[in-house]
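Here is a short briefing for a reader meeting this protein for the first time. Keep the view open while reading.

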Amino acid sequence: MVKSWRATVLTIFPEMFPGMLGRSLAGKALEAGHWHLETVDIRDFARDKHATVDDAPFGGGPGMVMRPDVVDAALDSVEGTNRPVIYLTPRGRLLTQSRVRALAEGPGAVLLCGRYEGIDHRVIEARGLEEVSVGDYVLSGGEPAAEIVLDACVRLLPGVLGSAASLDEESFERDLLEYPHFTRPQEWEGRAVPEILVSGHHERIRAWRLEQSEQLTRERRPDLWARYVARREKKDLMS
């Protein structure tokens, strides 16, 4: 029997899960057993009666820092050490579709949600944690970021999304943003659907969609465009 993809989230707010992951595709996949979610309450590993998980930073400064002994004990409680352990932090490497795909193809992931000013750096070093960021902005904690990572992974699991072709066409799968979409009515508030899309010429439609994707990527994401061009040039050299 094939084991379902397994996610473990370490947090001081376990009640925040499954959150949005209990709805739509991810929720249905959870009910169907395509993936498994468990939470670990970091406060359960505090060493005092007040369940304290944080303390003032050495060197002074604002905010509090999550204690290394408490976080380390929480990590020790997690089974399945063959899964990558990811710490969600703004200073981490930016999450990419290729990393999401790699995670989805593995046995699962352990996600550590920081709070306050983050966790003591010694835990990151001692555990060799993978630091991941979901974008260049600051959240109140790692929990929303963990939900983003899990949602991105779960939808790639076998049996979750109906059409594999849909995945191939999505933004970032080819280092391109997705082309514009249209549906009925064919004319809405004086705006008509592009004629090419109702022409029935599938090759021309594919060419138009690629052109639109390239144009959008070039204008909005020059970083992606540079990567796309480099990959295309490399492919041309190898052919």
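Which residues have the most contacts inside the largest nonpolar core? They are W5, W35, L88, L111, L150 and V154, in a core of 29 residues. The model is a predicted one. The protein has eight helices and nine strands.

**Overall build**

- The C-alpha trace spans about 70 × 45 × 40 Å along its principal axes.
- The protein has 239 residues, and 37% of them are buried.
- Take the contacts between residues at least 6 apart in sequence: 75% of these join residues at least 24 apart.
- The accessible surface comes to about 14700 Å². Carbon and sulfur atoms account for 51% of that surface.

**The largest core**

- The largest nonpolar core holds 29 residues, W5 and W35 among them.
- What does L111 touch, leaving aside its neighbours within four places in sequence? L111 is in contact with T8, V9 and L10, with I86 and L88, and with A146, V149 and L150.

**A second core**

- A separate core of 18 residues also exists. Its members include I42, V53, V70 and Y87.

**Charges**

- The protein carries 31 positive and 38 negative side chains.
- The centres of these two sets lie 3 Å apart.
- The count of salt bridges comes to 15.

**A salt-bridge network**

- R47, D55, R67 and D69 are linked in a network of salt bridges.
- Within it, R67 pairs with D69, and their closest N and O atoms are 2.7 Å apart.
- R67 is partly exposed, at 28% relative accessibility.
- D69 is also partly exposed, with a relative accessible area of 22%.

**A bridge between α2 and α4**

- D72 and R127 form a salt bridge, at 2.8 Å from N to O.
- Why does this pair tie together parts that are 55 residues apart in sequence? D72 lies in helix α2 (residues 68-76), while R127 lies in helix α4 (residues 121-127), so the bridge joins these two helices.
- D72 counts as partly exposed, at 29% relative accessibility.
- R127 is partly exposed as well, with a relative accessible area of 33%.

**A bridge between α7 and α8**

- E214 and R232 meet through their side chains in a salt bridge, at 3.2 Å from N to O.
- E214 belongs to helix α7 (residues 202-220) and R232 to helix α8 (residues 222-238), so the pair ties together parts that are 18 residues apart in sequence.
- Is E214 buried or exposed? E214 has a relative accessible area of 16%, so it counts as buried, the cut-off for buried being under 20%.
- R232, at 34% relative accessibility, is partly exposed.

Key. Residues are numbered from 1 along each chain as its sequence is written. This is a predicted model: local features need pLDDT of at least 70, side-chain atom pairs count only at pLDDT 80 or more; totals for chains, interfaces and linings use all residues. Side-chain values use heavy atoms; hydrogens and water are left out. Helices (H or I, at least four residues) and strands (E, at least two) are DSSP runs, numbered from the N terminus. Buried means under 20% relative accessible area, exposed over 50%, partly exposed in between (1.4 Å probe, protein chains only). Contact means heavy atoms within 4.5 Å. Accessible areas come from the Shrake-Rupley method with a 1.4 Å probe; for residues, only the protein chains shown count as cover. Lys and Arg count as positive and Asp and Glu as negative; His and the chain ends are not counted. The place of a charge is taken as NZ of Lys, CZ of Arg, CG of Asp or CD of Glu. A nonpolar core is a set of buried Ala, Val, Leu, Ile, Met, Phe, Trp, Tyr and Cys residues joined through side-chain atoms within 4.5 Å. A salt bridge is a side-chain nitrogen of Lys or Arg within 4 Å of a carboxyl oxygen of Asp or Glu.
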